[in-house]
Amino acid sequence: HLRAVAALLDSESVGFTLDSGHAVVAGQRPEAMARQMGHRLVLTHLHDNDGTADQHRPAGRRGPNGALPGGGSIDWAALTGALRDAGYPERNAWVLEGGTQLPDDEVGPLLAAHIGAFTEVLGGSP
């Protein structure tokens, strides 16, 4: 489907957004989608969930404010590897979720959990 859309648009100015959470809920593997999008991947919306609903959790975290470890359904090592292989980090920014989706979520603590979780996943410093 992505190849057909790219061919129909026939412009290097047109690209794709990878939403990791939506992909998993739709039964897709985000790392496979990143590889298919390749150089046309221009934006990411990176967040985790349990595979049943779009919960916008930090990588590998669950519960209000992403306070609990585990519960995520995304293979973050595979996804970040695919993004790096596609050359994504050299040309684009990593976009993390910052909104609240679960009861008792608070913007500040949830955003801090996202930053901490993705810093760990990406193997760097914030």
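**Ground rules.** I worked on a predicted model, where local features need pLDDT of at least 70, side-chain atom pairs count only at pLDDT 80 or more, and totals for chains, interfaces and linings use all residues. Residues are numbered from 1 along each chain as its sequence is written, and side-chain values use heavy atoms, with hydrogens and water left out. I took helices (H or I, at least four residues) and strands (E, at least two) as DSSP runs, numbered from the N terminus.

**Entry on H3.** I looked up which residues of helix H3 (residues 30-37) are buried, meaning under 20% relative accessible area, with over 50% called exposed and partly exposed in between (1.4 Å probe, protein chains only). I found Pro-30, Glu-31, Met-33, Ala-34 and Met-37. Seen down the axis of H3, these buried residues fall within an arc of 160°, so they line one face of the helix. The arc is that of the directions from the helix axis to the C-beta atoms.

Next I checked what covers the buried residues of H3; the list includes helix H1 (2-9), strand S1 (16-19), helix H2 (20-25), strand S2 (41-45) and helix H4 (76-85). Contact here means heavy atoms within 4.5 Å. Just after H3, I noted that Gly-38 takes a positive phi of about 50°.

**Entry on H4.** For H4, I listed Trp-76, Leu-79, Thr-80, Ala-82 and Leu-83 as buried. Their arc around the axis is only 155°, which puts them on the same side of H4. I then turned to the face away from the buried side, which carries the exposed residues Ala-77 and Asp-85.

The buried residues of H4 pack against S1, H2, H3, S2, helix H5 (88-91) and helix H6 (107-122). At the start of H4, I found a side-chain oxygen of Asp-75 within 3.4 Å of the backbone nitrogen of Ala-77. Just after H4, Gly-87 has a positive phi of about 80°.

**Entry on two loop residues.** I also looked up positive phi in residues other than glycine. His-56 has a phi near 55° and is found in the loop between S2 and strand S3 (61-62). Is His-56 buried or exposed? I put His-56 down as buried because its relative accessibility is 7%.

Asp-104 is not a glycine either, yet has a positive phi of about 80°. I placed Asp-104 in the loop between H5 and H6. Asp-104 has 62% relative accessibility, so I wrote it down as exposed.

Key. A polar contact is a pair of N or O atoms within 3.5 Å; within protein, one must be able to donate a hydrogen and the other to accept it, and residues adjacent in sequence count only if both atoms are side-chain atoms.
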